[in-house]
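Thanks for making time, everyone. Let me put the structure on the screen and then walk through it.

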Amino acid sequence: MLDLLRQMSEIISASGKEKCLRDFIIERIKPHAEYEVDPLGNLLVFKKGKNRAKNKVMLAAHIDEVGIIVCFAEKSGFLRFATVGGIDPKVLLGREIVFENGVKGVTGLAPVHLLKEDEKNKAPEISDLYIDIGANSDTEALNAVPLGTTGTFAQKLEEFGDGLVAGRALDDRIGAAIMLDLIRSETEYDLTLAFTVQEEVGARGAAAAAFSIAPDYAIVLEATTAADIIDVPEHKQVCKLKNGAAVSFMDNSTVYPMELYELALKVAEDNGIKAQPKAAVAGGNDSGSIHKSGKGVRTITLSVPCRYIHSQNCVSAVSDIYETRALAEKLGYTFANA
Amino acid sequence: MEIKDILEKLTSANGVSGDEGEAARTAADILSAYMPVKIEKSGNVVGFLKGEGPIIMLEAHLDQIGLVVTNIDKSGFIRFTKCGGADIRVLPAANVTVIGKDKKEIDGIVISTPPHLSKDEDRKKFKSLDELAIDVGLSCEEASKIISPGDRVVYKKSFGSLMNGRLYGTSFDDRAGVASVLRAVDLIKDKKLGCSLCVLFATLEETTGGGAAVGAFSEQPDESISVDVSFADSPGVPEHKTGKLGGGVMIGIAPTLDSEISNKLIEIARAKNIKYQTEVMGGHTSTNADKISVSGKGVKTGLLSVPLRNMHSAVEVLEIDDIEAVAQLMAEYVL
């Protein structure tokens with residue numbers, strides 16, 4: 001599964017431009033399941049298990065990531081851009097950028113030596129930022145990187161510290177890797193799995209996917225903020241690395257059914273799987289669209305804790321990825337058989 | 001050796017101010033193909049080639065900016081401060097490398113605060129240095145085995161190509177200067193010099209300037225030319241404070257520099273058709289030239305600069321042809 005995660009992390013897949021990653025996944029599920037690609041680009045997969053499911057269970061993970069999109073070229077050849085999804089401008093200065101067509105650039109900044117005292121710690125606006133690809137003119141720049149080209153941090157997945165991984169877009173390659181691994185294994189019950197597009201720009205793909213599949217239950221697999229870092233008080237840490245799957249009771253887009261939240265924690269406990277509450281009301285994900293879809297879907301989110309999310313260095317624990325996979329599978333079967 | 005290859009080799013070595021050993025050995029190794037070389041107690045690399053006439057010194061600094069470990073917190077996170085003028089604006093979520101025990105390289109990530117924990121006023125500014133820390137993904141116990149206070153930290157190395165012969169990477173300040181001196185030495189090999197040539201790759205420029213001060217005092221050159229990087233054009237930077245990337249060697253003119261040397265450099269550039277631009281400064285140059293010129297009984301000193309974007313970040317940008325122009329001008333000066 002880690003190999004799949006590593007390979008998927010090297011593919012650029014900004015919202016709306018998920019084709020490469022989708023094709024990568026299709027190549028690897030073909031022998032194991034049926035699938036279709038819907039008009040928005042969601043990849044819907046039907047995995048036949050050993051037993052028929054009483055209830056239709058959908059697992060969902062998004063295959064887009066936050067990134068940047070080129071909007072304008074200065075006469076001097078510098079590119080201006082907007083963010084695709086939420087990136088804090090404070091993690092964008094002085095970064096290697098790679099565009100979807102392979103062109104490389106860097107985000108520039110005025111030398112600190114020439115700044116006035118009050119500018120030295122002032123956060124930039126995205127509109128202040130620019131990318132230098134080495135071009136001498138707007139024409140040269142746009143020939144290499146046409147308007148609308150997307151890009152992201154040029155950062156590969158690496159092993160980090162003690163049992164951790166660090167890299168770009170663990171949100172939500174982790175969810176996609178778990179689903180891909182499930183599809184390639186033998187499952188107890190029939191499952192439907194949606195690899196969704198455009199989560200980072202408003203959980204848009206998931207709305208269509210949930211409508212088409214019309215499941216009884218949905219399990220959204222995500223990466224979520226872990227703030228278990230120095231100087232953050234315990235009550236603001238949300239969840240911690242190496243403490244297992246984070247189960248949500250509420251976030252900014254979904255109020256989860258309490259019985260599902262409690263059931264998820266119980267299934268974890270019964271099966272010796274590490275899990276923890278996501279102890280904050282923060283963020284949002286595909287659940288926001290899925291739970292309100294059609295006549296309603298009973299929805300829960302399981303997340304892998306992730307430090308520095310939406311930066312070039314998301315950090316997660318390998319053990320949490322496996323715990324989350326285990327809980328997703330067991331909980332899926334529990335829903336299938338409920 | 002191509003300039004790009006020299007630069008890649010030089011920037012692959014670590015050399016934060018005060019811990020320049022690896023960078024020194026790398027530079028000395030390349031230089032020793034051209035002249036006898038020694039690494040001094042100060043850490044400086046000195047090469048000397050006897051010729052006829054005055055002693056002319058070519059100088060560039062070995063060290064790079066970085067961070068230095070001050071404390072390992074009980075949570076395992078590493079506290080640090082600056083070692084030289086690192087720019088805090090590039091630190092959140094940045095990849096760094098801690099040079100730990102026995103010079104082992106340990107991957108680290110500077111912490112960044114998730115938005116849900118930021119108050120509105122916090123979003124408008126960067127965290128201050130004492131609020132930052134490095135995540136090495138280890139417990140305090142594990143981290144303490146391989147990391148100690150005083151260990152230096154560098155931006156994780158990068159080295160890549162952009163369009164038009166431009167490169168991006170770490171520590172171009174001032175390995176680009178070292179590369180240009182090495183290229184100049186290559187251009188004059190087997191040629192008869194009109195001087196004795198001294199090469200000084202100095203330590204500690206980014207912090208105290210101590211390397212250049214003791215190096216110049218020891219060698220007592222008659223003239224010296226320093227090579228450093230200077231600001232190149234980019235959005236949001238006043239045009240009158242920058243040179244042009246690809247505009248050729250920047251020839252320094254300043255009260256602290258010898259005006260005859262500055263003029264001679266301009267004359268040579270014109271005569272030999274070397275692409276150049278002038279850089280006028282009102283006082284100090286903020287380079288080793290300031291230290292060398294007042295060393296011992298005083299040294300007539302000139303300054304050449306390689307235009308550089310994003311100085312003191314992990315993605316400094318330069319153009320190879322500018323390094324070539326610096327090298328050609330120095331070579332012509334000493335011939």
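A caution before the details. This is a predicted model.

Domains, starting with chain A. The domain assignment of chain A gives two: domain 1 covers 2-65 + 168-336, and domain 2 covers 67-153. The C-alpha centres of domain 1 and domain 2 of chain A are 31 Å apart. Where they touch, 11 residues of domain 1 of chain A contact 15 residues of domain 2 of chain A. The domain 1 side of that contact in chain A has 3 nonpolar, 4 polar and 4 charged residues.

Now chain B. Its assignment gives domain 1 as 3-64 + 170-334 and domain 2 as 66-155. The C-alpha centres of domain 1 and domain 2 of chain B lie 31 Å apart. In chain B, 12 residues of domain 1 meet 12 residues of domain 2. On the domain 1 side in chain B, the classes are 2 nonpolar, 8 polar and 2 charged.

On to the core. In soluble globular proteins, nonpolar side chains tend to be buried together. Here, the largest nonpolar core has 221 residues. The residues with the most contacts inside this core are A:Ala60, A:Met179, A:Leu327, B:Ile78, B:Ile134, B:Leu329 and B:Met330. Which helix gives the most to this core? Helix α9 of chain B, residues 320-334, with 10 residues. Take B:Leu329 as a worked case. Leaving out residues up to four places away in sequence, B:Leu329 touches B:Val249, B:Leu265, B:Ile268, B:Ala269, B:Ile274, B:Tyr276 and B:Leu304.

Now a sheet in chain A. It is open, with 3 strands in the order β10-β11-β17, and the pairing is antiparallel. β10 and β17 (314-317) of chain A are the edge strands, each with a single partner, so one side of each has no neighbour in the sheet. Ignoring direction, neighbouring strands of this sheet are turned by 35 degrees against each other on average. β10(A) and β11(A) pair over 3 bridges, in the antiparallel sense. Helix α8 of chain A, residues 318-336, lies across β11 and β17 of chain A. That helix, α8 of chain A, runs at about 65 degrees to β17(A).

Just after α5(A), A:Ala214 takes a positive phi of about 45 degrees.

That brings me to the backbone. Most residues other than glycine have a negative phi, and most peptide bonds are trans. Some residues here go the other way.

A:Ala169 is not a glycine, yet its phi is positive, about 60 degrees. A:Ala169 sits in the loop between β11 (164-167) and α4 of chain A. Buried or exposed? A:Ala169 counts as buried, because it has 31 C-beta neighbours inside 10 Å.

A:Val238 also has a positive phi, near 70 degrees. A:Val238 lies in the loop between β13 (217-225) and β14 (245-247) of chain A. A:Val238 is buried too, with 25 other C-beta atoms within 10 Å.

Last, the cis peptides. One joins A:Asp171 and A:Asp172, with omega about 15 degrees. A:Asp172 lies in helix α4 of chain A, residues 170-183. In chain B, a cis peptide bond joins B:Asp173 and B:Asp174, with omega about 15 degrees. B:Asp174 lies in helix α5 of chain B, residues 172-187.

That is the tour. Questions, please.

Key:
Residues are numbered from 1 along each chain as its sequence is written. Chains are lettered from A and ligands numbered from 1 in the order in which they are written. This is a predicted model: local features need pLDDT of at least 70, side-chain atom pairs count only at pLDDT 80 or more; totals for chains, interfaces and linings use all residues. Helices (H or I, at least four residues) and strands (E, at least two) are DSSP runs, numbered from the N terminus. A residue is buried if 20 or more other C-beta atoms lie within 10 Å of its own, exposed if 12 or fewer, and partly exposed in between; C-beta atoms are placed from the backbone. A nonpolar core is a set of buried Ala, Val, Leu, Ile, Met, Phe, Trp, Tyr and Cys residues joined through C-beta atoms within 7 Å. Two residues are in contact if their C-beta atoms, placed from the backbone, lie within 7 Å. Domain bounds come from an automatic or database domain assignment. Ala, Val, Leu, Ile, Met, Phe, Trp, Tyr, Cys and Pro count as nonpolar, Asp, Glu, Lys and Arg as charged, and the others, Gly among them, as polar. Two strands pair if DSSP finds at least two bridges between them. Axes are lines fitted to C-alpha atoms, for helices over the stretch in contact, and angles run from 0 to 180 degrees between N-to-C directions.
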